[in-house]
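Let's take a walk through a protein chain together, going from the overall picture down to single residues. Have the sequence at hand as we go.

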Amino acid sequence: MRWLHDRSIGQKFFLSFGVILSLLALSLTALLVYLSRINSYVDRHKRITVPAIVTAATMQRSVYELDMALLSLEQLGKEADLDQVVARLTAQEERIRRLLDVYRTTHAARTHPILFGMLTDHHRVDLADREDRAVSGIEQALRELTTFWNPPASLAQAVVAGDHALFLRADGLLTQLMEDLDRLVEAHTDIDVEMKIEGDLLLQQARMIALGLVAVLGLVIAVIYVSVNRQIAKPLQRLSITADRVAHHDLTAQFEAWPARDEVGTLAASLSSMVTSLREQTAAIARKTKELEAFTYSVAHDLKGPLREIEGFSSLLEKRFLEGGDAETRHHIEVIRRSSLRLTHMIDALLKYSRLEQQDLPRQRFNVLEMITTLITDRFTGLQGPKPKIHVALPFADLYGEPVSIRQAIANLLDNAAKFSRRTAAPTITIGGTRTDHERILWIQDNGIGFDPAQTDKIFGLFERLHNPQDYEGTGVGLAIVKLVMDKHDGRVWAESAPGAGSKFSLAFPERAEIVVDRASTSSHSSALPPA
């Protein structure tokens, strides 16, 4: 078994199938051997037993013809018919001798080594002896019978003299001859019985051999199955379970040692080494992340203090020079104040992005239609300047996810849609969606300035902007937060746009496996805020 453990999986399967094929070949060979023996038995039965009994029966008919010829001679008593009767007697006697010679050389048990060996194995050699005695008796009776019509002159005298004693003796010899033939038939019938026993024995042995080989083959297959299941399948299953745990970020999982030094053993060792390396790297990343997080908060809070002072003093200077002072000084003060406010907003957005990145988002089913209605009211009621016309038409009301982060993502998209469409003659925002078997898609479309489709991937980057801050305010973090929210929901976000043709941002949320009935499976809501 130690040697087998050191073999590769391919070699193990090759050896297993080799053993099974060898047993199958052995089974087929054994069955062919026994089939040949059974076929030999059938052939011997056809060539020996049946012809032997037929030959003996033919001799019995010839004896009957002898008896009829002698009886006719005794009853006729005419010398004129003597030659014809003698010819009949001689012909039948020669026929019996010829058949007896055929029997002795062709059908007798002692002339066939296999048949005689079978009788020896069955301890029935006495049947061959009985057959030999019957054959000897037939020959003796035939020799004595031929003296009655050879020479024919003595037979003619006996017929003329009416010697009944001679005919009585001839009848006795015929009776003895018939009895010997009966004993011969009986002996060969018993031999035939032994041959049938031998055939049944061969058939039984063939069945036992076949059953034994099938049992051995089944046992070998069962042993191979148990061995493969224990040495390969079960360890592979445990390896797969551990790998699945690692894939789901459970780095406490341990890969157990593989019982053999084969390909999977090498894989298990490599996976174990990989998990150890992942643990070390994860621990290092966790330390760096905590350090970076602390650094981010520290820098953000350290920066916000001076920025508040800059913004406060710039406000005081702006009020002081509001009525006096030259225009250039007032412009410089306004730039300082606006830049400090913008930097403050960027720091706040960066902190918001950092907190969201570190959070685990517990998911639940909530009413997204109600959330959108509330957002529209909060964002655009009391808005100074032209208000966009907003249409909401969702084919679903419920959504599965973390409500707070999804609200932030939708709010960012609404703010962008309003910001980049405010300079159009009739700003319009449309909120819609679609649903499939695997996900629910929510999209927000505006008729604003749009952007170059080649910049689609760039706009979701942190601090990435396509427009000058003096033209359109913003921190460059809003769409990065949208992308982060969708990544944390295992969803997708993409944009479709063209310069001057507006933009359409789509959010795809994966559908849960369970069947959920929407509170409003098909709803259409339209909210319009009239322009100021």
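Predicted model: local features only at pLDDT ≥ 70, side-chain atom pairs only at ≥ 80, totals over all residues.

Residues are numbered from 1 along each chain as its sequence is written, and side-chain values use heavy atoms, with hydrogens and water left out.

Let's begin with the chain as a whole. Its secondary structure comes to 12 helices and eight strands; helices (H or I, at least four residues) and strands (E, at least two) are DSSP runs, numbered from the N terminus. Of the 532 residues in the chain, 38% are buried, where buried means under 20% relative accessible area, exposed over 50%, and partly exposed in between (1.4 Å probe, protein chains only). Among contacts (heavy atoms within 4.5 Å) with a separation of 6 or more, 74% join residues 24 or more positions apart.

Now find helix 11, residues 403–421. Helix 11 is mostly covered, with 15 of its 19 residues buried. The axes of helix 11 and helix 12 (residues 478–488) come within 9 Å and cross at roughly 145°; axes are lines fitted to C-alpha atoms, for helices over the stretch in contact, and angles run from 0 to 180 degrees between N-to-C directions. On the helix 11 side the contact is made by S405, I406, Q408, A409, N412, L413 and N416, and on the helix 12 side by G478, L479, I481, V482 and V485. These contact residues divide into seven nonpolar, five polar and no charged. Here Ala, Val, Leu, Ile, Met, Phe, Trp, Tyr, Cys and Pro count as nonpolar, Asp, Glu, Lys and Arg as charged, and the others, Gly among them, as polar. In helix 12, the buried residues include L479, I481, V482 and V485.

Leaving out residues up to four places away in sequence, V368 touches L394, F396, A397, L399, I410 and L442.

Next, look at S506 in strand 7. S506 is buried, with a relative accessible area of 2%. Among the residues S506 touches are I441, L442, W443 and W494.

Finally, two backbone details deserve a look. Most residues other than glycine have a negative phi. H123, however, has a positive phi near 60°, and lies in the loop between helix 4 (113–121) and helix 5 (125–146). D490, in the loop between helix 12 and strand 6, has a positive phi of about 55° although it is not a glycine. Are these residues buried or exposed? H123 is exposed, with a relative accessible area of 68%, and D490 counts as exposed at 60%.
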